[in-house]
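Me: I would like to go through a structure with you. Could you take my questions as they come?

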Amino acid sequence: MQSAFNKTFFYYWSYPGSNPDIGAAHSVELIFLFNLRGVGTTGAFNGTNIPDEIFTAVQQMWTNFARCGDPSTDQIEWKAYSAGDQNVLVIAGPGQALVRHCLI
């Protein structure tokens, strides 16, 4: 609904935290967004399994969004979401790339 009023970006987070029993739980992305790698190393979300390229890409996308309203980077085009063009950026698990796909 928000896309009818403002430019909107949609993502699906599937990159897991450090605890394989929890997987890609809610708030796992905060490690990436706020540079919390290695903080609280005994917790489920300590970020010890994060490759540098994923970590850097996520921080660049969120910084670009905050600065100019467009999270795309030189390597990743993050298209806006709308009712007619349901673009979703999937931030995938280890061994997989960031992938954009459309929901149907």
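Predicted model: local features only at pLDDT ≥ 70, side-chain atom pairs only at ≥ 80, totals over all residues.

Me: What pattern does the chain follow?
Reply: Along the sequence, the protein chain reads β-α-α-β-β, with two helices and three strands. Helices (H or I, at least four residues) and strands (E, at least two) are DSSP runs, numbered from the N terminus.

Me: How much of the chain is buried?
Reply: Of the 104 residues in the protein chain, 32% are buried. Buried means under 20% relative accessible area, exposed over 50%, and partly exposed in between (1.4 Å probe, protein chains only).

Me: Phe55: buried or exposed?
Reply: Phe55 is buried, as its relative accessible area is 3%. Phe55 belongs to helix H2 (residues 52-68), and its C-alpha atom is 5.5 Å from that of Phe32, 23 residues apart along the chain.

Me: Switching topic, where does Leu30 lie?
Reply: Leu30 is in helix H1 (residues 29-33). Leu30 is partly exposed, with a relative accessible area of 35%.

Me: What share of contacts is between residues 24 or more positions apart?
Reply: Such residues account for 45% of the contacts (heavy atoms within 4.5 Å) in the protein chain with a separation of 6 or more.

Methods. Residues numbered from 1 in each chain as written. Heavy atoms only, no water.
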